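Subject: A structure for you to look at

Hello,

I am passing on a structure that I have been going through, and I hope you enjoy looking at it. Please open it first, then read on.

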Amino acid sequence: MPRFYFHFDDGSSRKQDPEGIVLPDAEAAWYQGVRNALEVIHTQFGSGTVAPGQRFEVEDEHGEPIWAVPFEEVVGLAV
């Protein structure tokens, strides 16, 4: 199974995910990105608000971008 990396971008800087996670496919990686975003929203932004531009950028094991998961798109799921 392929490995996917979930890099956190706060709009001004990017924190690399050096380990990644093995998942069955790109769709599973998207769902994992949504779960990651919801976890950050719940733990760091309990109010359900996020700063503009925050997102997880998902790359495959070859460093190719697969998905961007903007927090603004999933914040409604955090309630």
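Predicted model: local features only at pLDDT ≥ 70, side-chain atom pairs only at ≥ 80, totals over all residues.

Residues are numbered from 1 along each chain as its sequence is written, and side-chain values use heavy atoms, with hydrogens and water left out.

**The salt bridges**

Side chains of opposite charge can pair when their charged atoms come close. A salt bridge here is a side-chain nitrogen of Lys or Arg within 4 Å of a carboxyl oxygen of Asp or Glu. How many salt bridges does this rule give? The count comes to 3.

One of them joins the side chains of Arg-14 and Glu-57, at 3.1 Å from N to O. This pair links distant parts of the chain: Arg-14 is in strand β2 (residues 14-15) and Glu-57 is in strand β4 (residues 55-59), 43 residues apart. Strands are DSSP runs of E with at least two residues, helices are runs of H or I with at least four, and both are numbered from the N terminus.

Arg-14 also meets Glu-59 in a salt bridge, at 2.9 Å from N to O. Here too distant parts of the chain are linked, with Glu-59 in strand β4 and Arg-14 in strand β2, 45 residues apart. The side chains of Glu-57 and Arg-55 form another salt bridge, at 2.6 Å from N to O.

Glu-57 counts as buried because its relative accessible area is 14%, and Glu-59 is buried at 16%. Arg-14, at 36%, is partly exposed, and so is Arg-55, at 31%.

**Asp-9, without a salt bridge**

Asp-9 is found in strand β1 (residues 3-9). Asp-9 is buried yet has no salt bridge, and the nearest side chain of opposite charge, Arg-55, is 4.1 Å away. For charge, Lys and Arg count as positive and Asp and Glu as negative, while His and the chain ends are not counted.

What does the side chain of Asp-9 reach? It reaches the backbone nitrogen of Gly-11, at 2.7 Å. With contact taken as heavy atoms within 4.5 Å, and leaving aside neighbours within four places in sequence, Asp-9 is in contact with Arg-14, Gly-53, Gln-54, Arg-55 and Glu-57.

**The largest pocket**

The largest pocket has a volume of about 220 Å³. The elements that give two or more residues to its lining are β1 and α1 (26-44). Among the lining residues are Phe-6, Phe-8, Gln-32, Asn-36 and Phe-56. A pocket is an open set of points on a 1 Å grid over the protein atoms alone, where a 1.4 Å probe fits, with protein on both sides within 12 Å along at least five of seven lines; lining residues have an atom within 4 Å of a point. Grid points are joined across faces, edges and corners, and the volume is the space filled by probe spheres set on them.

**Along helix α1**

Gln-32, from that lining, sits in helix α1. Gln-32 is buried because its relative accessible area is 15%. Not counting residues up to four places away in sequence, Gln-32 touches Phe-6 and Leu-23.

Arg-35 is also placed in helix α1, and at 45% relative accessibility Arg-35 is partly exposed. A polar contact of 3.0 Å joins the side chains of Arg-35 and Gln-32. A polar contact is a pair of N or O atoms within 3.5 Å; within protein, one must be able to donate a hydrogen and the other to accept it, and residues adjacent in sequence count only if both atoms are side-chain atoms.

Tyr-31 is found in helix α1 and is partly exposed, at 41%.

Best wishes

Terms used. Buried < 20%, exposed > 50% of the residue type's maximum accessible area, 1.4 Å probe, protein only.
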